[in-house]
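Morning, everyone. Please look at the sequence and the structure while I talk.

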Amino acid sequence: MSTSGHSDGQGSDGPWEQPLEPERGTVGIDTPMVDEGPFAEELDQEWSKPPGLYGHLATVQNGAVGMRLILTGLFFLLLGGSVDSIVMRLQLARPEMDLVGPQLYNEMFTNHGSVTMFLVILPIFEGFAILLLPMLLGTREMAFPRLGAFAYYTFLFGGLMYYSSTLFSAVPDAGWFGYTPLSGPEYSPDLALDFWVLGLGVAEVGAIAAALEISVSIFKNRAPGMTFTRLPLFAWAMLVTSFMILFAFTPLIVGSLLLELDRGFGTAFFDPGAGGSSLLWQHLFWIFGHPEVYIQFLPATGIVSMIVPVFARRRTEGYPWIVAATVAIGFLSFGLWAHHMFTVGLAPVVLGFFAAASMVIAIPAGVQIFAWLATIWLGRPVWRTPFLFVVGFMAMFVLGGITGVMVASVPFDGQAHDSYFVVAHLHYVLIGGVVFPMFAGVYFWFPKFVGKMMDERLGRLHFWLLFVGANMTFFPMHIVGLMGMPRRIHTYPEGLGWGTYNLISTIGVFVMFGGIVAFGLNLWRSWRHGVPAGSNPWKADTLEWSTPSPPLQHGFSVPPIVTSRHPLWDQEELHRGDPQVEALGRAMGEWPLRWRANLTVGVTSARPEEVVRIAGPSIWPLVAAIGTVTIFAAELLKLRVGALAGAAVLVAAVIRWNWPESIEMDIASEEAFERRHGIPVRPGGSPVISRWAIGLAVLFLSIFLGALLLSYFYLRIENTVWPPPGFSDPAIGTGALAFIVIVVAAVSARRALAAVQAGDLTGMRIAAALAALAGLAAMVVVIEDLWTLDFGATEHAYGSIFFTLASFLLVIAAAGAIMATMVLWWSRGGRFSARHHNPVVVLWRYWISVAVMWAAGLFTLYLGPTVT
Amino acid sequence: MDPAGPVARDIVDLTIVLTVLGAGVFVLFVVLGVVALRRGAAEPDDAGPRRDEASGYLSTLRGTAARRLVIGGGVLLPTVIIAVVFGWTLETMNDLPAEGGADALVVEITGHQWWWDVRYPESGIVLTDELHIEVDRPIELHLTSADVIHSFWVPALGGKMDAFPDFVNTLVLEASEVGVLRGRCAEFCGLHHASMDITVVAHEPEDFDAWLVAQSEASVAGTGGRG
């Protein structure tokens with residue numbers, strides 16, 4: 001753990017002492033570089049994408065996937081963020097303007113909100129994470145590169161599907177929040193809202209997939225020695241964010257599913273006339289919608305936390321305070337969704353609770369802000385474009401936070417809610433608090449993106465235009481909001497005194513657009529003619545700056561050993577440490593060159609744990625994304641057979657992409673490696689990584705189930721008679737039978753694992769077959785019950801939720817039966833042994849989870865009416 | 001911001017408190033920020049960035065300046081401000097009437113795409129997009145909707161309340177001076193949401209009684225509720 005190096009105190013030779021001259025392309029002055037090892041070129045080759053078009057489509061490399069996410073997000077920002085805003089602001093420039101009518105205006109604000117919330121900020125930050133995290137963490141790749149590629153393709157296809165509504169003249173027009181019943185089948189009968197629900201639904205699947213990948217990568221794929229107390233703050237922020245995505249987007253997917261069932265299949269979830277509730281949508285939507293704000297904001301704070309110490313030339317003050325604040329914001333953000341619903345008529349005690357919760361979140365936000373301020377206070381700030389954006393961020397975000405506390409005050413919100421005051425507040429938070437850090441991040445990491453510096457002069461121009469423009473646009477909105485101007489109106493009458501403020505806002509938006517043009521110009525010019533950047537042009541402190549700009553495909557030939565929170569400032573050498581770890585690192589630089597190996601570490605110890613195989617290029621993530629989008633598109637076109645085809649493609653593609661790859665090591669050489677380096681090598685997949693993957697997948701399914709159960713009991717409370725008159729009570733005996741059979745399946749999966757661990761392959765096959773059969777039998781029990789019910793899914797919300805919940809149970813059991821079948825298939829040809837049987841472990845874990853979820857689901861379905 | 005009734009006046013008082021506190025915090029933060037940005041450039045921090053002794057464990061803040069800023073600015077300042085704001089919020093919420101009381105004028109308002117149906121259950125008067133009230137008498141509005149969600153909002157009288165198709169919400173307002181006020185739908189409700197307005201006319205008690213009589217006669221005469 002020794003950090004050799006600078007004399008304590010006034011080390012005049014420290015990297016922070018030297019002037020920053022990025023324009024000259026300084027090459028890594030005084031900060032250490034990682035060793036390339038003798039085989040850097042071979043490794044780079046092995047980790048590169050395959051040649052040709054196939055290579056472009058099949059690549060899973062984190063740099064490519066991350067860059068695609070960022071560029072696609074910026075493209076949608078230009079479409080939905082800029083073009084729409086300009087037209088809307090022109091229309092509102094003067095009273096009673098006639099540039100666009102109400103229909104087009106409604107479509108535009110719906111599009112503006114939907115695109116920026118779903119297709120811009122989150123994908124860009126997930127792109128930052130996928131692109132940068134391996135570099136920041138000192139590792140070669142993300143944990144599940146194919147899942148990352150799948151996330152990108154689903155996001156792209158979902159965005160395109162959503163935008164294709166313009167081609168069919170069926171543009172969504174019910175707001176980005178899509179409140180029922182306005183968004184329901186009765187009041188929005190054409191396909192517009194289906195484009196909205198289904199297109200964004202595909203993109204949400206991508207958001208969740210990326211979140212799974214990001215969290216596991218931060219847990220497992222780090223450099224030796226990078227404990228959680230040394231984790232770069234951007235990684236901390238993304239770790240919290242990825243869990244928030246799981247917990248927030250899943251209820252939204254459930255809400256979207258229920259809405260689409262109402263729209264496409266005639267169920268009654270949100271139909272007050274048939275036992276449904278129009279408020280249920282608002283709860284499901286805002287359980288997502290409020291955390292969503294912090295899902296966008298936390299990555300931004302992570303970027304700020306990376307940039308502040310570099311340009312303040314000072315170590316981060318209060319690192320643990322910032323971490324604690326990040327985690328606290330993550331938790332608190334789920335406790336304040338109802339502050340979007342202060343005017344729906346909630347009980348005063350509920351209002352008081354949510355008002356308090358909404359205000360308390362100002363404390364962790366304040367801690368973060370003041371920790372950055374303290375770092376600047378004690379440092380020696382150097383003005384460069386990224387830092388300019390960070391200072392602009394702090395000013396605008398603090399103002400947005402203050403108005404946030406104001407609207408948390410219930411009576412004040414009664415006036416401000418749905419007025420321009422809220423428009424001002426949310427744009428201060430999202431433009432000042434999120435977009436400014438996003439731009440700061442682009443300027444800061446551009447050297448790692450393309451190996452060049454961005455232009456400082458254009459950068460300053462970009463900053464000032466955006467800063468002045470944003471304040472000009474949004475500050476006057478506070479005032480017209482308090483004067484009573486509501487949101488979402490395409491025009492307003494004369495004589496109310498609103499005109500001047502609106503005109504200033506409209507001019508402001510053009511100033512902002514000038515800033516965006518300067519940014520685009522800067523991107524283009526810097527990419528083509530930028531000054532080549534050295535490895536560390538900012539003399540920054542974290543591991544990505546120890547690699548060449550742009551980095552090699554595999555990032556690190558020899559994994560660095562981290563002994564400090566600011567390794568490049570505190571460590572003179574990045575490969576010194578425990579001799580055994582040093583030897584392991586050198587070995588990784590020389591072997592294996594024929595498959596993609598990566599070092600994983602213990603979650604808390606950060607000691608080397610395994611050398612695992614990382615999945616290589618594959619076309620199957622793309623095919624799986626096509627299958628996914630086919631399911632949604634079939635529903636859009638009401639060609640429901642197409643959904644079956646899409647599901648078949650999806651299942652086949654997922655099976656193919658998880659196909660066990662041939663193991664290129666014999667057991668003897670695996671054991672030799674383990675003896676030499678003290679950790680196992682896993683060319684056939686790591687049970688540790690699989691455990692994380694299946695754990696998070698089950699977490700996702702559990703949240704999904706949780707949101708369905710919440711809907712069940714919410715509808716239960718809304719209805720005095722449950723089940724409604726004329727509906728027979730559920731048959732408790734059937735539920736009990738289904739539960740027993742599903743337990744048999746889970747026990748069989750356990751027996752399969754025990755058998756394979758004992759080397760009994762025949763026993764394993766029998767038990768796996770039994771698991772598949774028992775799973776199917778349980779499904780038959782439930783299907784038979786659904787078939788004979790005296791009600792359907794459409795007459796009453798009770799039937800709607802009954803059939804939906806039962807169908808969810810059927811789907812997760814079907815997935816388990818497919819997994820058991822694949823284990824049977826793969827067990828031919830001696831692929832499994834007492835040592836290699838990862839899929840069997842996965843099968844067992846999954847089936848245990850299915851049994852638990854079935855227990856909760858069956859209990860609700862069959863005993864729900866009795867116990868409530 | 002131009003209150004014409006006690007509810008709105010309470011909210012304006014609250015708004016002034018919130019704005020003053022907010023502006024104070026913002027100015028304080030900007031001053032601190034400017035000092036932070038200038039002092040480093042003016043006098044280099046002679047402690048210098050030390051080797052990070054905190055590497056392996058969770059450190060607390062180093063140095064008093066950092067401690068004062070983070071604990072004072074990040075924890076104490078927002079806590080105090082929030083306590084004041086929350087207290088004032090609860091106080092205002094308590095002051096706002098939840099029901100109109102025995103002498104309140106009850107009016108049933110139903111939102112439609114894109115108009116307001118206004119009914120006086122006691123006198124049987126039915127109006128469209130128009131609400132007549134009496135000054136200094138609490139008005140108890142029973143809000144519901146015939147189709148999608150609307151929200152009833154007369155800024156000069158008080159906060160808004162949503163109108164749902166599933167249930168009835170109650171909103172109590174009161175005007176303290178005679179006049180014609182603008183109200184409107186504040187929840188996006190489809191194509192013509194922007195023009196879903198309502199006119200509120202506040203009468204002196206005697207004028208209101210006369211208006212009631214005239215309207216009732218007009219209804220009986222079969223000419224309907226409204227001109």
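I'll cover confidence, then the cores, then the aromatic rings.

Keep in mind that this is a predicted model. Its scores are ipTM 0.91 and pTM 0.93. Chain B has an average pLDDT of 86, and 85% of its residues score at least 70. Two stretches need care. In chain B, residues 43-60 stay under 50, with 44 contacts in the model beyond four places in sequence. Residues 223-227 of chain B are also below 50, and that stretch has 12 contacts beyond near neighbours in sequence.

Now the cores. The largest nonpolar core has 329 residues. Those with the most contacts inside it include A:Phe128, A:Trp854, B:Tyr120 and B:Phe152. What does B:Phe152 touch, leaving aside neighbours within four places in sequence? Its contacts include B:Ile109, B:Trp116, B:Leu131, B:Leu141 and B:Ile198. There is also a second, separate core of 10 residues, among them A:Leu599 and A:Met665.

Next, the rings. Over all chains, the structure holds 79 aromatic pairs. Take A:Phe439 and A:Phe519: they sit edge-to-face, 4.6 Å centre to centre, with 65 degrees between the planes. A:Phe439 lies in helix 14 of chain A and A:Phe519 in helix 16, so the pair ties together parts 80 residues apart in sequence. A:Phe439 is buried, at 1% relative accessibility. A:Phe519 is buried too, at 5%.

Ring pairs also build a cluster in chain A that includes A:Phe125, A:Phe128, A:Trp383 and A:Trp545.

Last, charges over rings. The charged end of A:Arg565 sits over the ring of A:Tyr319, 3.7 Å from its centre. A:Arg828 lies over the face of A:Trp825, at 4.0 Å from the ring centre.

Conventions
Residues are numbered from 1 along each chain as its sequence is written. Chains are lettered from A and ligands numbered from 1 in the order in which they are written. This is a predicted model: local features need pLDDT of at least 70, side-chain atom pairs count only at pLDDT 80 or more; totals for chains, interfaces and linings use all residues. Side-chain values use heavy atoms; hydrogens and water are left out. pLDDT is the predictor's confidence in each residue, from 0 to 100. Contact means heavy atoms within 4.5 Å. A nonpolar core is a set of buried Ala, Val, Leu, Ile, Met, Phe, Trp, Tyr and Cys residues joined through side-chain atoms within 4.5 Å. Buried means under 20% relative accessible area, exposed over 50%, partly exposed in between (1.4 Å probe, protein chains only). Rings of Phe, Tyr and Trp (its six-membered ring) pair if their centres lie within 6.5 Å; planes under 30 degrees apart count as stacked, over 60 as edge-to-face and the rest as tilted. Helices (H or I, at least four residues) and strands (E, at least two) are DSSP runs, numbered from the N terminus. A charge sits over a ring if NZ of Lys or CZ of Arg is within 6 Å of the ring centre and within 35 degrees of the ring normal.
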